[in-house]
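Here is a short briefing on a structure with several local features to check. Please keep the model open while reading.

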Amino acid sequence: MYKVRLSFYKKGYAKFVSHLDLMRMFQRIFKIAGVDIAFSQGFNPHPKMSIAHPLPVGVTSDEEYLDIQLNSMPDYDRLVSQINKAMPEDIKILRAWEPIEAMNLLCLSKYTVKLTLREKVHCFEDIITAFKNMNEIVVSKKTKKGIADVDIKPWIKSFDILESDGTDFTVSMLLSTGEKANLKAFTVLDALAKYIPEFKLLYCDINRDCILKENMAKIDV
Amino acid sequence: MNDKLFEKLLLEVQKPARYIGGETGSIVKEFNKAKCKVAFCFPDTYEIGMSHLGMKILYGVLNDNPDYLCERFFAPWIDMEQKMRENTIKLYSLENKKALSEFDIIGFTLQYEMSYTNILNMLDLGGVELLASERKGDIFVCFGGPCAYNCEPIADFADFVMLGEGEEIFIEVADAYTKWKNLGKTRKDFLETIARLDGIYVPSFYDVTYNEDGTVKEIKKNNVNAADRPVKRIIKDMDKVYYPTNPIVPFTEIVHNRAMLEIFRGCTRGCRFCQAGFIYRPVREKSPEKLVQQAKELVNNTGYDELSLTSLSSSDYSCFNQLADKLLDVTENKKVNLALPSLRVDNFSVDLMNRIQKVRKSGLTFAPEAGTQRLRDIINKNVTEQDLLNTAALAFSNGWSNIKLYFMTGLPFETLEDVLGIADLAEKVVNIYFKTAPDKKRRQVKVTVSTSIFVPKPFTPFQWQGQEKMDSVVEKQNALKAAVGKNVTYNWHDSKLSYLEAVFARGDRRLNKVMLKAFEKGCKFDSWDECFDFEKWMDVFRECDIDPDFYALRSRDLNEVLPWSHIDVGVSDAYLKKELMRASEGITTHDCRQGCTGCGINGLGGVKCV
């Protein structure tokens with residue numbers, strides 16, 4: 001069995017394709033592209049593939065990771081071009097390689113978020129600073145046990161304003177990702193709306209720039 | 001379109017992926033370069049519309065032509081429609097995200113009567129005038145599909161109608177449109193040009209007058225360019241016609257999420273209740289070589305794990321077992337399932353089924369349609385009780401334990417005895433299980449009986465018959481509920497929906513105002529339980545002063561001018577009358593494959609039935 005790691009982007013309207021639909025799409029695409037994917041044993045065999053940290057519906061990404069297992073040794077360049085021939089326009093493979101590190105080392109997501117507010121806000125910088133300095137940032141979050149109040153502050157690793165122009169802002173967020181602690185960019189925006197009365201969101205455009213290890217490095221680099 | 005606003009709405013609705021397009025296989029052409037821009041509209045949700053083969057075919061035919069483009073439209077679900085209306089977003093295409101009003105020819109496929117209100121809703125959402133008489137400029141709305149053969153109840157909303165198979169005629173219409181647009185002539189001029197083509201019906205070129213008793217007096221053409229009786233179009237050579245082997249594969253789960261292979265058109269069985277059996281005549285098969293090639297392409301291009309044969313009674317294909325073997329050679333080594341949705345009890349092969357359903361012994365479905373031999377003879381469903389019991393025995397002894405049986409109630413000449421016969425038949429199937437199943441676990445056997453309600457349809461021998469009254473159908477359903485045994489599950493259809501279907505199936509032009517009013521009152525997605533509002537419909541009929549019983553329940557005189565009598569589907573009126581007579585006497589008519597029964601379809605231009 002040969003383990004292969006694929007990185008891919010998801011842009012444009014494809015951000016509305018759910019994780020489950022994406023996985024089914026990959027299965028069909030692998031079939032079309034003649035990728036010799038390994039199947040699990042058992043009564044109901046399924047292809048051996050797993051995705052690093054599923055992207056929420058409505059978020060684009062520059063780089064996601066998908067691990068697959070093949071029955072035969074791949075030619076990585078050919079693999080990428082074969083798969084991409086069958087992929088839709090807005091989702092394409094960037095690279096394929098033999099993985100070195102375990103995927104669960106990835107625990108941080110860096111997002112760039114473009115915001116348009118309904119009304120002009122004075123001193124957006126001060127507001128954000130005050131938000132970041134709060135003792136706790138409590139939001140209702142869906143957990144395995146149902147909806148619970150959670151303090152998300154420890155999971156916001158950084159929050160910086162990159163650009164501001166009237167009602168339009170671009171911010172960068174570094175948030176915890178993974179099984180232990182998982183914070184969506186949408187949840188941070190909900191928290192902003194909850195704590196800051198002036199923060200009236202009209203539009204937002206969230207992009208995951210990369211998924212990183214604890215030490216802020218990319219995987220396998 | 002305001003992209004940011006649109007994306008914001010998509011975050012707030014259920015299943016946003018059905019509104020985005022961009023699937024593999026979708027074709028996005030440069031919008032303004034196309035000489036004729038066709039909007040293909042399916043008046044139901046994406047999940048249903050994308051399961052429809054006709055749309056895949058016409059989408060491919062039009063986009064294959066470098067001069068034209070075709071983009072898709074579906075009815076947005078209630079939540080999406082509300083957001084669109086609140087934010088004044090017009091109904092847009094999935095490809096270039098252009099509003100419906102920016103297209104040249106807007107085609108709706110009429111697959112079932114209860115989707116009609118969605119047509120008006122989609123036109124309204126798309127910014128297109130509802131009534132053909134009020135449309136201006138160079139935009140035309142047309143209808144096609146099985147219900148288009150009698151689309152009189154919605155004829156006021158169509159500029160023209162395509163009758164029959166669309167692969168050739170749609171291109172001819174687009175050609176005519178391109179020429180017409182360059183000449184800058186009147187709308188009427190375009191309609192007169194295409195009215196001369198076989199397969200085109202322009203409703204406004206015909207006047208309908210009525211007798212005092214409400215029946216149709218006369219249907220008379222008012223334009224010399226129109227045919228006396230517009231005739232349906234058929235494809236003569238199924239091996240030469242375009243077939244979509246690289247169809248769109250949706251991101252989301254849809255109703256029939258699989259590759260579809262059409263192996264022939266038409267059906268030779270002649271079941272007297274079945275509209276498809278008459279309007280899709282004659283039978284035309286594709287060659288085995290062509291089918292194997294198309295199967296290979298479909299499997300290689302789509303990545304689907306199921307290939308489904310989609311003809312009316314697929315196992316009737318000449319040399320079906322040899323074809324199935326060849327197709328299985330294609331599918332098996334690709335880990336693809338071959339699916340056979342329509343099975344007949346009289347030619348069921350266990351060997352074949354074992355090969356087809358290697359892993360999953362999922363349920364088998366058969367449609368005896370009626371509970372007694374007497375009634376099966378009347379409807380010309382040429383299967384016997386013994387056929388069913390033999391097949392059930394074969395299936396049970398080979399490991400199946402789950403059988404679904406489809407029947408109809410309210411059939412012409414039906415008695416309570418016939419309906420109770422359904423329970424008897426189901427019970428016999430259960431008993432066969434206990435006699436034949438190798439591993440008799442009492443709880444394992446599952447026989448499901450489903451009954452739909454007969455709706456008399458135009459162009460069938462039963463087109464003159466009234467539908468049975470709702471309360472009497474419900475009584476029969478209740479009697480059957482009480483009669484089925486404990487190993488049988490019974491499901492039945494809602495009588496109200498079937499009643500409305502009967503009104504519109506055999507309606508005339510006076511129902512257009514009913515349709516308009518129903519739309520104005522908010523009727524939509526009538527085939528969906530959560531949306532169907534029968535009382536609202538009854539209010540509409542009262543307000544329009546129209547008696548729906550006149551259309552649904554009334555048995556029509558054989559000499560009556562039927563509202564669709566000016567349309568020619570190739571099967572003669574005399575044949576339908578003869579078939580009705582035979583039905584009333586309980587005489588069956590054999591399958592056309594055993595010799596021509598003289599329905600008249602061979603007169604439809606050079607095609608000889610199989």
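**A buried glycine and its surroundings**

Leaving aside residues up to four places away in sequence, Gly266(B) touches Tyr280(B), Arg281(B), Pro282(B), Val283(B) and Arg284(B). The model is predicted.

**Around Gly266(B)**

- Gly266(B) sits in the loop between β10 (264-265) and α8 of chain B.
- Gly266(B) counts as buried because it has 25 C-beta neighbours inside 10 Å, and the cut-off for buried is 20 or more.
- Leu312(B) lies 46 residues from Gly266(B) in sequence, yet the two are 6.9 Å apart in space, C-alpha to C-alpha.
- One of the residues that Gly266(B) touches is Pro282(B), and the peptide bond from Arg281(B) to Pro282(B) is cis, with omega near -5°.
- Pro282(B) belongs to the loop between α8 (275-279) and β11 (284-285) of chain B.
- For context, most peptide bonds are trans.

**Helix pair α9 and α10 of chain B**

- Helix α9 (residues 288-302) of chain B packs on helix α10 (residues 320-332) of chain B at an angle of about 25°, and their axes are 10 Å apart.
- That angle makes α9(B) roughly parallel to α10(B), because angles under 35 degrees count as such.
- The crossing of α9(B) past α10(B) is right-handed.
- On the α9(B) side, the contact is made by Pro288(B), Leu291(B), Val292(B), Ala295(B), Lys296(B) and Val299(B).
- On the α10(B) side, Leu323(B), Lys326(B), Leu327(B), Val330(B) and Thr331(B) make the contact.
- By class, this contact of α9(B) with α10(B) holds eight nonpolar, one polar and two charged residues.
- In general, an α-helix has 3.6 residues a turn, so residues three or four places apart point the same way.

**The enclosed helix α16 of chain B**

- Helix α16 (residues 495-505) of chain B is largely enclosed by the rest of the structure, because nine of its eleven residues are buried.
- The buried residues of α16(B) are Ser495(B), Ser498(B), Tyr499(B), Leu500(B), Glu501(B), Ala502(B), Val503(B), Phe504(B) and Ala505(B).
- Their cover includes α5 (116-125), β16, α15, α18 (534-543) and α19 (548-552) of chain B.

**Domains of chain B**

- The domain assignment of chain B gives domain 1 as 3-164 + 166-221 and domain 2 as 343-493.
- The centres of domain 1 of chain B and domain 2 of chain B, taken over C-alpha atoms, are separated by 38 Å.

**Contact between chains A and B**

- Chain A gives 18 residues to the contact and chain B gives 19 residues.
- On the side of chain A that touches chain B, helix α1 (residues 19-32) of chain A gives the most, with six residues.
- That side of chain A divides into eleven nonpolar, two polar and five charged residues.

- As background, most residues other than glycine have a negative phi.
- Asp220(A) has a positive phi near 60°.
- Asp220(A) lies in the segment after β10 (201-213) of chain A.
- With 16 C-beta neighbours inside 10 Å, Asp220(A) counts as partly exposed.
- Phe459(B) also has a positive phi, about 65°.
- Phe459(B) is placed in the loop between β16 (446-453) and α15 (470-483) of chain B.
- Is Phe459(B) buried or exposed? Phe459(B) counts as buried, because it has 23 C-beta neighbours inside 10 Å.

Notes
Residues are numbered from 1 along each chain as its sequence is written. Chains are lettered from A and ligands numbered from 1 in the order in which they are written. This is a predicted model: local features need pLDDT of at least 70, side-chain atom pairs count only at pLDDT 80 or more; totals for chains, interfaces and linings use all residues. Domain bounds come from an automatic or database domain assignment. Axes are lines fitted to C-alpha atoms, for helices over the stretch in contact, and angles run from 0 to 180 degrees between N-to-C directions. Helices (H or I, at least four residues) and strands (E, at least two) are DSSP runs, numbered from the N terminus. Angles under 35 degrees count as roughly parallel, over 145 as roughly antiparallel, 65 to 115 as roughly perpendicular and the rest as oblique. A crossing is left-handed if the near helix is turned anticlockwise from the far one by less than a right angle, and right-handed if clockwise. Two residues are in contact if their C-beta atoms, placed from the backbone, lie within 7 Å. Ala, Val, Leu, Ile, Met, Phe, Trp, Tyr, Cys and Pro count as nonpolar, Asp, Glu, Lys and Arg as charged, and the others, Gly among them, as polar. A residue is buried if 20 or more other C-beta atoms lie within 10 Å of its own, exposed if 12 or fewer, and partly exposed in between; C-beta atoms are placed from the backbone.
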